[in-house]
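I opened a new model today and kept notes as I went. Here is what I looked at.

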Amino acid sequence: MSATGARRLLLAGTAAIASIGTAHAQSTTGTVAGTTITNTASATYTVNGTAGTATSNTASFVVDRKVNLTVIATQAKTQVNLGQTGAVTTFQVTNNTNGTQDFLLESSQLIPTGFLTGTDNYDIGDLKIYVDSNNNGIYDAGVDTASFIDELPADGRATVFIVGDIPTSVLTSMAQVGLKATAAVGGAQGTTGLALTPSAVNGKDDIDVVFADDDNDGLLGFDALRNGAGWAYATYEVGIRSVNLTVNKTATVISDDISVLNPKALPGAIVQYCLTATNATLLTPASDVKLTDVIPANTTYVPGTLTIGGLGVGGECLLSGFVQNDDGTQVLGPYNGSYNATTKTVTATIPTLLGGTSVAASFRVKIN
């Protein structure tokens, strides 16, 4: 008896679809559901020395659908950084049913306490589910857009990605997510099937639906025994929380009123300060790096001399960066700088300082 209706569980991702998985040469799930098995019997006899035969009617029945699946986290722990967007963790869904099925996908961050392996203290933002459309095992943004598994054959496997954003709070350390896969009606390429429901009565000429899946997560009540669905769980863990960031500052006399070739730190001389920020932690960027410097006593800031984004080596500014407006309004470059005449403070902001790189800021003062 064919399954009728059930609620749609397409709760995350987009409404796109994908055809995933390849059946093995010999199925381990048994005879394909819907196969008609027929058989007849025969008899031989003799009457007064004459042989005769008789053939029975044909007895037939249809193989029913034995629904089963497994869901596992192939990437049980994913190391992420604070503020990271599009963080990916990976699951695998295997169709152990004796027939081709759709699978509806659902995510949850409400993980039962008995399963938690650490302190779950934050939620993933903008959580989405995507199916690996090209079977390469790697999430390809814009390519992997399907949010349900379409037409997965018996013994077929599909890779599923959960993608989300990590918050910027320094208090966060671990988040756990769950993936639920529910067996659904297959047979219509490109269309989401409805969730399967078990058959109430045995119809020998129909394809009855029988749930044969176990309690996949070991937690009764969260994934019930034989409900045509399976759960698996994975962890996002914040790794590096700080970087080895240093700032080196130098002061160089660049001109005075007396000497052209060998300027000295005389009253009226111009001195250039160079601040070089270096992130020595490879592969980990530092965000919103803000350098502040108060103009020292007995000097006066030279307007319009603040630059950011230059090349600094050993604290010396070898090349100037983008010139900044003292009032903080910028036209060119990714940086932002300003000079506050009231507090006599120079500010230079670097939005992102990549690991293993340096960015220099410079400005000039006049000795009073």
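My entries on the chain, its cores and its disulfide follow.

**Ground rules.** I am reading a predicted model, where local features need pLDDT of at least 70, side-chain atom pairs count only at pLDDT 80 or more, and totals for chains, interfaces and linings use all residues. Residues are numbered from 1 along each chain as its sequence is written, and side-chain values use heavy atoms, with hydrogens and water left out.

**Strands.** I looked up the secondary structure and found 25 strands and zero helices in the protein chain. These are DSSP runs numbered from the N terminus (helices H or I, at least four residues; strands E, at least two).

**Burial.** The protein chain has 368 residues, and 40% of them are buried. Buried means under 20% relative accessible area, exposed over 50%, and partly exposed in between (1.4 Å probe, protein chains only).

**Cores.** I then turned to nonpolar cores, which are sets of buried Ala, Val, Leu, Ile, Met, Phe, Trp, Tyr and Cys residues joined through side-chain atoms within 4.5 Å. The largest holds 33 residues, and Ile-149, Leu-179 and Tyr-236 touch the most other members. Strand E13 (residues 174-184) gives the most to this core, five residues. A second, separate core has 23 residues, including Tyr-273 and Val-289.

**Disulfide.** I found one disulfide in the structure, the term meaning a pair of cysteine sulfur atoms within 2.5 Å. Cys-274 and Cys-317 form this disulfide, with sulfur atoms 2.0 Å apart. Cys-274 lies in strand E17 (residues 270-279) and Cys-317 in strand E21 (residues 316-319), so the pair ties together parts 43 residues apart in sequence. Cys-274 counts as buried, at 2% relative accessibility.
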